[in-house]
Amino acid sequence: MTFQLNAEHEALRAMVREFADREIVPNAAQWDRDHHFPVDVVHKMGDLGLLGAAFDEEYGGGGGDFLSVCIAIEEIGRADQSMGITLEAAVGLGINPIANFGTSEQKARWLPDLFAGRTLAAFGLTEPGGGSDAAGATRTRAVLDGDEWVINGSKSFITNSGTEITSVITVTAITGDEEISAIIVPAGTPGLIVEPAYEKLGWHASDTHGLVFDDCRVPAENLLGERGRGFHQFLATLDDGRIAVGALSVGLIQACLDLALEYSLEREAFGRPIAANQGLAFQLADLDVALEAARLLTYKAAALKDAGLPIKQAAARAKLYASEAAVSATRVLTQVLGGYGFMEEGPAARFYRDAKILEIGEGTSEILRLVISRGLGLPVV
Amino acid sequence: MKIVVCVKQIPDPASPYQLDPESYFVVRPNDQVLDDTDRYGVEVALQLSDELGEDASVTLLSMSPGGSQQGIRQALAMGADGAILIEDETLRGADALTTSQILAAAATRAEADLLIAGTESTDGYTGVVPQQVAEIMGVPALTFARKVEHVDGKLRIERQTQAGYDVVEGALPAVLSVTSGVVEPRYPTFKGIMQAKSKPVETLTAADLGVTAKVSQKIVSVEEVEGRQAGDIIEDDGEGYLRIIEKLEEVKVV
Ligand SMILES: Cc1cc2nc3c(=O)[nH]c(=O)nc-3n(C[C@H](O)[C@H](O)[C@H](O)COP(=O)(O)OP(=O)(O)OC[C@H]3O[C@@H](n4cnc5c(N)ncnc54)[C@H](O)[C@@H]3O)c2cc1C
Ligand SMILES: Cc1cc2nc3c(=O)[nH]c(=O)nc-3n(C[C@H](O)[C@H](O)[C@H](O)COP(=O)(O)OP(=O)(O)OC[C@H]3O[C@@H](n4cnc5c(N)ncnc54)[C@H](O)[C@@H]3O)c2cc1C
């Protein structure tokens, strides 16, 4: 066991880091302030091959591994969490279900543009009634009427669902007794109502909307894969997504450590750099350990997926640990920066606001602890 | 058209340079990165090649005594077709002339129609290699290009000068040196990175090229540059601007 990334992974990291430093870092604060979704960043990430990296070359993907995607998400997330989640959701929630469960017609129709970053896909699981108990809380219904599904219901908090390049939203719906299926709804379908963007605590440059389905009709062949497999499909999608959110968190912890190191060596108090105080230095030492642990858990989960091994536990551990460490990291960074950390003139305040959601989306910390407890064989309800 | 692009591999600028205390040579790790200034040459080559289509190819050329390939892979990932690596311990510490002899011999052997280089490297920055190579090869040198066009089988460039630019034309084969203003280098793509590992890298020694490395240059001493002095602080008492104008006049800025 060497714990070494290969030369291609390192080259990918260098490429994404340079791209992010040049094209995202200088603009992130402005996008955040303006709640502006920079669609050209998606196009560029597509041009670089980040969206299709882990998928079939047949549809224009890169034929690479999932670890590569995680490295890309980490590096984009290090620059800006809004763009990081945009990439994460585009791949993990948008592309993944279609690539994994779609029919060859569905793949041929949607994937090439999604891989190229010309379009974005979203995944609608969460409903106003709840996200943790997604199966139990699903009220959205789809009824087959001739050769069309008629969908009625609503979805909450759906990432990338209302951008100008959103092409398709995969939604889970009840299609029978104890039966949930996933159905592909093209953007612009009559009866699909995209609500105004939410006012969020963080992720201001990321696109999030509620959706309403009002007698929304799509062709019967828009069923994703097999009927009745919706529950299984979204669980698998969430497992992958959790690793990717782990990577997004790792990027944030890295950004916090980098900034905290730089500032604490420059800033002086009592005639010495603040970094010379153990009380401060030890917090950075802990941050370094948390970063390493979060990264290792995340990369290991990704490597298990690439090896075709079970990932449920590993994905839950990675996301749980990395997201909680990321929230702590932003708290430490803000503290190290003192009053400046509370000001919107630097990235620390943005990082602080952006971090909290990491403990919520794609499985709350509580739900992940539940998954892990069950994996230990505990009879927890 | 066979385009050959010089790519120098240098120690990662992110980590501090070290000089060998005896020879004063830069201590070179085995894995060196692509000199940023050579990315412009690679981009010019790729754009010319895209324009010319099927008939063009882009080959990288790098002399790296320790045999580094990391920087070459970076440039291959941008889209070059293959590379020639001159790897030979006898070339360690080669001076500019030896370097130029090697590069010229390799370019001739590769039957290059066009050899592209940077105007000066980031680590050695003698800025003489492209001109020397052209002289040795006996071909025109089109240097300091800030714009490159391929017209009627000739190369037309805008040559950066202090006052502006000259338009210079030359027949092929030729050596072209490009400035960092010439084009915006592309990022490598994910696919490019994956493909780079299977692209051909031909490894040659000085002997293969019929060049004997003789080091005619010796670095006799290296001194630290004087640290920057702290600036003057002018307290503004309402008339501070006058003192600033005075200062600017002193240094002949206004
Ligand atoms: C910005 C943003 C983007 C999002 N993007 C998407 C998207 O693209 N697609 C999508 O489908 N969803 C998306 N979501 C929804 C997200 O996945 C859910 O918010 C999340 O799963 C939690 O669901 P909930 O909000 O309904 O909370 P609830 O499920 O109502 O949970 C509320 C609280 O109760 C706790 N809780 C619930 N059950 C248990 C239990 N058994 N034991 C202990 N505690 C429990 C939870 O941990 C949480 O603390 C997004 C959310 C946000 C905020
Ligand atoms: C203080 C000092 C230390 C030195 N240490 C070393 C040392 O450790 N090792 C050493 O080899 N030389 C060393 N040299 C010699 C110096 O680097 C040589 O002049 C060098 O071989 C020529 O390169 P340059 O960078 O000066 O070329 P320039 O003329 O500045 O380079 C112009 C362009 O030529 C091309 N080019 C130059 N070199 C290469 C190459 N090797 N492969 C491909 N393309 C190339 C590039 O496109 C470059 O942009 C040292 C010189 C000095 C003054």
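**Two chains, two ligands: a short tour**

Hi everyone, let's start where the chains meet: 16 residues of chain A are in contact with 11 residues of chain B, contact being C-beta atoms, placed from the backbone, within 7 Å. Helix H1 of chain A, residues 7-34, gives the most to the side that touches chain B, with seven residues. Helices (H or I, at least four residues) and strands (E, at least two) are DSSP runs, numbered from the N terminus. That side of chain A divides into eight nonpolar, five polar and three charged residues. Here Ala, Val, Leu, Ile, Met, Phe, Trp, Tyr, Cys and Pro count as nonpolar, Asp, Glu, Lys and Arg as charged, and the others, Gly among them, as polar.

A word on the source: this is a predicted model, where local features need pLDDT of at least 70, side-chain atom pairs count only at pLDDT 80 or more, and totals for chains, interfaces and linings use all residues. Residues are numbered from 1 along each chain as its sequence is written, while chains are lettered from A and ligands numbered from 1 in the order in which they are written.

Now to ligand 1. It is surrounded by 24 residues, counted when the C-beta atom, placed from the backbone, lies within 6 Å of the ligand. The closest are A:Leu125, A:Gly131, A:Ser132, A:Thr364 and A:Glu366. Helix H4 (81-101), strand E1 (120-124), strand E3 (148-159) and helix H11 (365-375) of chain A each give two or more residues to this shell. By class, the shell has 12 nonpolar, nine polar and three charged residues.

What about ligand 2? Its shell has 31 residues, with B:Phe25, B:Gly118, B:Ser121, B:Gly124 and B:Val129 the closest. Among the elements of chain B that supply at least two residues are helix H3 (96-109), strand E6 (114-118) and helix H4 (129-137). The classes here are 16 nonpolar, 10 polar and five charged.

Let's stay with H4 of chain B. Its buried residues include B:Val129, B:Val133 and B:Met137; buried means 20 or more other C-beta atoms, placed from the backbone, within 10 Å of a residue's own. Their cover includes H3, E6, strand E7 (141-151) and strand E10 (174-178) of chain B. Just after H4, B:Gly138 takes a positive phi of about 70°.

Last stop: B:Ile116. Leaving aside neighbours within four places in sequence, B:Ile116 is in contact with residues including B:Ile3, B:Val5, B:Val44 and B:Leu176.

Technical notes: A residue is buried if 20 or more other C-beta atoms lie within 10 Å of its own, exposed if 12 or fewer, and partly exposed in between; C-beta atoms are placed from the backbone. Two residues are in contact if their C-beta atoms, placed from the backbone, lie within 7 Å.
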